[in-house]
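Hello,

Here is the structure I said I would pass on. My notes follow below it.

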Amino acid sequence: MISVSRLLSPQFYAIQQRSVVKMSASATQTAGGGVSHGSMAIKPPSHPTYDLKAVIELALAEDAGDTGDVTCMATIPFDMEVEAYFLAKEDGIVAGIALAEMIFEQVDPILKVWICLVKVWESNRNAHKIVVAERVVLNFMQRMSCIATLTKLMADAAYPARILETRKTAPGLRLVDKWAVLIGGGKNHRMGLFDMVMIKDNHISAAGGIINAIKSVDEYLTLKNLDMDVEVETRTLEEVREVLEYVSGSKTRVSRIMLDNMVVPLENGDVDVTMLEDAVELISGRVETEASGNVTIETVHKIGQSGVTFISSGALTHSVKALDISLKIDTELALEVGRRTKRA
């Protein structure tokens, strides 16, 4: 049985196509020295109002409606015990294991998730509960695994720059999406509108210019006695110069300059990063820098070599294609069907 292989750290797992992850009615003590996933997982990012348990409850409730799983109740004896397996039908990074544990525990507290060095499985003595939780677990795991997989690819290509996501996340899943980015080796940008000041083009236009906007932010933070980072978006080298002049001559909270759309796409599919490099040279390490715009898996390496501190990409979360993972009780038949449809 091929299972999940460890990559880089105990929190980071790569799967290969046709991998089988076992879910069984087994005792919680593992022969291979398994440990509870809770002691190994990358923790979700913090948020002052986000209730992850409530999100799980909502996901289960929208599936169950007011009657529950009628098909499951009709076909599966409530006391039936089975073994079920996760089947990975494409390569990728496993993400959402800790969240899956929370979902299964919500459905049946007896369930535990255990990880060995090369194996992941859950123990559950109730087939009914496994099937009830199946789709909600997979919905989260498939989305998170895709985000983590793309993040891993982008993060590796962007080095030495760090890859960031944006706020372009699925409504209601902000924390979950950003958690997957961490699992994939990325770094979180601001969680929302509350934890960082980010002066963007519309703020600048409404304030009457980039320096007016920065001054207003500095005055507001002082007035409210708020201690938080400030990032300002620039779109031209002239704006970069204006910000640098203000930063060098004023007491300000500006700690990062966004260099927006300074990566110019070319007709041959390549990009010109000359303007971006010029901006980085102007800033010369006085504040952090962040490249944004025209960031793809094809362009991120070249952008990362420009000297920027960070590269932000909305595509990490807004254009995800779910990683193809399923949960099956009869794995032999599932693999046979997969081979027939060229998905296994």
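The second largest pocket has a volume of about 290 Å³. A pocket here is an open set of points, on a 1 Å grid over the protein atoms alone, where a 1.4 Å probe fits, with protein on both sides within 12 Å along at least five of seven lines; lining residues have an atom within 4 Å of a point. Grid points are joined across faces, edges and corners, and the volume is the space filled by probe spheres set on the points.

This is a predicted model, in which local features need pLDDT of at least 70 and side-chain atom pairs count only at pLDDT 80 or more, while totals for chains, interfaces and linings use all residues. Residues are numbered from 1 along each chain as its sequence is written, and side-chain values use heavy atoms, with hydrogens and water left out.

The lining of the second largest pocket consists of 13 residues, and V55, A59, E62, F140 and L173 lie nearest its centre. The elements giving two or more residues to this lining are α1 (52-64) and α4 (127-158). Helices (H or I, at least four residues) and strands (E, at least two) are DSSP runs, numbered from the N terminus. By class, this lining has seven nonpolar, two polar and four charged residues. Ala, Val, Leu, Ile, Met, Phe, Trp, Tyr, Cys and Pro count as nonpolar, Asp, Glu, Lys and Arg as charged, and the others, Gly among them, as polar.

For the largest pocket, the volume is about 390 Å³. Its lining has 22 residues, with T166, K168, K200, S292 and S312 nearest the centre. β12 (254-260), β15 (288-292) and α11 (315-318) each give two or more residues to it. Four of the lining residues are nonpolar, nine polar and nine charged.

β12 and β15 also belong to an open sheet of six strands, in the order β9-β16-β15-β12-β11-β10, with parallel pairing. Two strands pair if DSSP finds at least two bridges between them. The edge strands, each pairing on one side only, are β9 (162-164) and β10 (197-199). β9 pairs with β16 (residues 310-312) over three bridges, and L164 has S312 as its bridge partner in β16.

Back at α1, its axis and that of α3 (residues 97-107) come within 10 Å and cross at roughly 65°. Axes are lines fitted to C-alpha atoms, for helices over the stretch in contact (heavy atoms within 4.5 Å), and angles run from 0 to 180 degrees between N-to-C directions.

Regards
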